[in-house]
Amino acid sequence: MKLLWAVSALLLSCWRANASTAPNIITEPSEVSNQTSAVLSCNLTESNLPIKGSHWMYNGKVIETSQSGDAAPFTTLRLDKITHSSGGKYECVFLTEPEAKQTIEVKTLPHVAAYKHSEHGNEKDKGSMVCVSHGYPLPTDWTWFKEEDGSMRPIINGTVEKYEIKSTPNKTTLIINDLSMEGDIGDYVCSGTNELGTTTDKIHLRVRSRLAALWPFLGIVAEVIILVTIIFIYEKRRKPDEITDDDDSGSAPLKSNSTANHKDKNVRQRNSN
Amino acid sequence: MAPAPAEELGYKPLDGGWGWMVVVGAHISIGFAYSTPKVLSIFFKEIQADLGASYSEIAWISSIMLAVMYAGGPVSSVLVNRFGSRPIVILGGLMCGVSMITASFGSSIVYLYLCIGIIGGCGLSLNLNASLTMISKYFLAKRPLANGLAMAGSPVFLCVMAPVNQYLLHKFGWRGSLLILGGLMFNCCVAGALMRPVAASCKPSCSPQKKMEEEANTTLKDSCMNSAKKFLDLSFFKDRGFVIYLIGNMLFIFGAYGPIVFLPAYAISLGVEEYSAAYLLSIMGFVDMFVRPGTGLIANSKWIRPRIQYFFSFAVVFNGTCHLLSTLIETYPFLVAYAVFFGISFGMVFALIFECLMDLMGNQRFPSAVGLVTIIECFPMLLGPPAAGLLVDVFGDYKCLFFMCGSVILTGGLFLFFMNIYNYYMLEKEKPAKDREQNQTNVENQDQVSEAEMKQIPEAAMEQTEPEAKVKNGAQSDLNGQSITEEEAVIERANPQTTENNV
């Protein structure tokens with residue numbers, strides 16, 4: 001009986017000791033949603049441990065400008081302009097033994113961007129369009145729409161063999177099989193949704209006809225055939241003159257002296273034979 | 001002086017006239033041959049995405065094409081020797097065109113290796129060899145200039161085809177672009193049509209040669225063994241000049257392509273932005289375009305032509321020094337200057353590379369020689385860039401690459417320079433014995449010619465050749481009055497008496 005009391009008294013005192021020395025950080029605000037700027041602050045209370053300093057961390061990496069050796073139990077971080085790239089998890093850290101830290105989440109609308117705003121595909125081939133997202137938190141839901149006559153027609157995965165949607169939190173791909181020039185040319189919209197809202201981006205799809213390259217090809221082949229024919233015809237026409245031409249070029253320097261020299265005349269005669 | 005053995009050309013090269021159209025044809029042919037493997041890389045990204053291949057698998061297409069183009073040298077030499085240049089260039093053009101067209105329907109990477117790499121490479125190798133041979137047939141006095149103009153095809157086509165290919169890719173996709181590129185390559189057939197076979201006008205010395213050729217041809221047709229021997233004519237290795245040229249060239253080729261491949265990456269590592277880094281290669285190509293004909297013109301002058309081997313070794317040394325000095329560069333303006341000097345030295349070397357071989361080997365042996373040279377050069381060309389890349393991986397610094405390439409090229413250049421001095425010295429020593437040998441064979445040849453033909457040549461013929469020799473000898477030198485130029489050798493064959501008069 002006495003042993004039981006002693007143990008329970010010991011446990012109680014330990015618990016109370018813990019409770020009294022556990023530091024408590026009050027964050028202000030506890031969460032930032034959809035604001036253009038904010039001031040994050042942390043207040044360390046109920047701690048009589050010595051504070052060597054404090055700093056802030058963003059997504060696990062230390063923010064160097066926020067480091068301070070101040071022994072104050074209070075620290076703030078200003079975020080002047082919150083965009084999708086500054087969203088994430090911010091942690092205030094007090095350098096005590098042990099370290100005390102608390103997290104404040106800064107949430108923004110997702111930023112959705114297309115890899116390429118103009119995509120090409122070949123007729124009867126596959127065409128794919130990709131949208132990526134940055135920010136925090138990443139979209140939980142992706143949807144694709146096709147713009148038709150001013151309104152958006154949603155594309156549903158799996159129901160039609162033609163469309164295939166592959167999505168991960170930060171990337172979504174729409175694959176269209178068997179592209180056709182009549183039905184598939186146009187604008188496609190990808191939209192990503194997270195707990196704060198939705199953002200979209202547009203991609204224009206162009207479908208090249210299978211035979212598009214054939215016409216320039218035939219044109220070039222025609223040009224080659226014409227040129228080769230011209231060259232061969234020109235050569236056949238020149239052929240009777242050619243033999244004399246070549247020999248003449250050999251004796252060309254002498255033509256100027258030829259009138260004076262009987263012997264050169266003989267040379268010319270020999271050559272023309 | 002030309003160290004080339006006095007070759008019996010049997011006719012006088014045109015050195016102009018239709019020859020310039022042949023240069024245009026060779027320009028087109030060589031342009032496609034050297035630029036196609038490089039510009040194909042523009043399509044690689046799309047092909048990679050479509051066929052699902054890795055980057056190294058795709059890069060093999062270019063390497064296979066280049067390797068086959070060079071390795072096909074001996075085969076095309078044999079074909080050129082047998083059939084002449086024109087049918088071979090036309091065949092080469094057809095093969096290239098067909099290869100691209102069939103590749104446009106491909107659905108696997110191995111299919112592309114076969115079509116573009118092997119068939120395309122074979123076509124290009126036929127083109128290259130035959131075009132160079134044709135130039136050596138049409139030109140003698142102006143041959144360096146003709147070579148420079150023809151080799152300029154490579155940078156010109158590179159500069160033209162790169163944006164054209166980009167546009168085609170954007171408009172038609174990679175399949176359509178390959179189809180159209182195949183059509184464009186049919187223009188090599190036009191180039192082949194321009195290469196009119198040389199009509200060997202018969203002078204007296206022509207007939208004994210023709211008889212001997214016919215005899216040789218019939219024995220070739222009889223035995224397959226002979227044609228196999230002709231495939232890889234290893235007797236070339238007994239020629240000192242040839243071996244020197246080959247070793248120097250192998251060293252050059254080993255170091256030549258590494259800097260080109262890694263220059264943009266080096267620039268980016270120095271902090272230059274991507275677009276400006278790519279611009280460096282364009283600068284190099286643009287400078288190259290003008291330097292090649294310019295070098296041909298300079299090499300044609302009467303001061304340089306006899307010393308063309310030295311000029312070539314100077315160009316190689318210049319190239320190596322450029323690379324070595326590039327290791328000291330830190331800023332973009334200096335990189336631009338380096339690109340310009342690189343372009344100049346690269347152009348100089350390539351304008352002269354085949355001219356020097358023609359100079360060494362002479363007209364008859366050139367087709368076989370160039371085939372042998374290209375197949376041997378295949379190895380350093382394929383090993384060079386990966387070896388350079390390996391250095392970069394091991395040491396982590398691009399400067400090592402430039403240092404290695406520069407020193408290898410510099411070694412090659414100095415080797416060429418000093419060994420050529422040695423070679424010329426040895427040739428001078430061996431000359432008296434050779435002259436006596438030649439005079440003996442001349443006399444034998446003349447005996448074979450019928451007496452009637454001899455009577456047909458009056459003394460006027462001797463007068464004809466003398467002034468010709470003096471007038472058209474501007475390109476050849478008379479370093480010492482005893483040196484025999486190729487032209488004089490031709491005249492010597494026709495009229496041994498004239499030579500005695502000259503000497």
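The questions and answers below walk through a predicted model with chains A and B.

User: How are residues and chains labelled, and what is left out?
Analyst: Residues count from 1 along each chain as its sequence is written, chains are lettered from A and ligands numbered from 1 in the order written, and side-chain values use heavy atoms, without hydrogens and water. In this predicted model, local features need pLDDT of at least 70, side-chain atom pairs count only at pLDDT 80 or more, and totals for chains, interfaces and linings use all residues.

User: How many helices and strands does chain B have?
Analyst: Helices (H or I, at least four residues) and strands (E, at least two) are DSSP runs, numbered from the N terminus. Chain A has three helices and 17 strands. The count for chain B is 20 helices and zero strands.

User: What percentage of the residues in chain B is buried?
Analyst: Buried means under 20% relative accessible area, exposed over 50%, and partly exposed in between (1.4 Å probe, protein chains only). In chain A, 34% of the 273 residues count as buried. Chain B has 503 residues, and its buried share is 55%.

User: Among contacts in chain B between residues at least 6 apart in sequence, what percentage joins residues at least 24 apart?
Analyst: A contact means heavy atoms within 4.5 Å. In chain A, among contacts with a separation of 6 or more, residues 24 or more positions apart account for 59%. For chain B, the share joining residues at least 24 apart is 86%.

User: Is F290(B) buried or exposed?
Analyst: F290(B) sits in helix α13 of chain B. Its relative accessible area is 55%, so F290(B) is exposed.

User: Which residues of chain A does N187(B) contact?
Analyst: N187(B) lies in helix α9 (residues 187-194) of chain B. Its relative accessibility is 13%, so N187(B) counts as buried. Leave aside neighbours within four places in sequence: N187(B) then touches I28(B) and F32(B) in chain B, and in chain A I220(A), E223(A) and V224(A).

User: How do α5(B) and α9(B) run relative to each other?
Analyst: Axes are lines fitted to C-alpha atoms, for helices over the stretch in contact, and angles run from 0 to 180 degrees between N-to-C directions. The axes of α5(B) (residues 85-103) and α9(B) come within 7 Å and cross at roughly 175 degrees. Angles under 35 degrees count as roughly parallel, over 145 as roughly antiparallel, 65 to 115 as roughly perpendicular and the rest as oblique. So α5(B) and α9(B) are roughly antiparallel.

User: How many nonpolar residues are in the contact of α3(B) with α15(B)?
Analyst: The α3(B) side includes L66(B) and Y70(B), and the α15(B) side includes I375(B) and M381(B). Ala, Val, Leu, Ile, Met, Phe, Trp, Tyr, Cys and Pro count as nonpolar, Asp, Glu, Lys and Arg as charged, and the others, Gly among them, as polar. The contact of α3(B) with α15(B) has one charged residue, two polar and, for nonpolar, eight.

User: How far does α14(B) reach from its first C-alpha to its last?
Analyst: Helix α14 of chain B covers residues 308-326, which is 19 residues. The expected span is 1.5 Å times one less than the number of residues. That gives 27 Å, and the model comes close to it, with a reach of 27 Å.

User: How many of the nine residues of α7(B) are buried?
Analyst: Helix α7(B) is among the elements that cover the buried residues of α14(B). The buried residues of α7(B) include R143(B), P144(B) and M151(B). Helix α7(B) is mostly covered, and of its nine residues the buried ones number eight.
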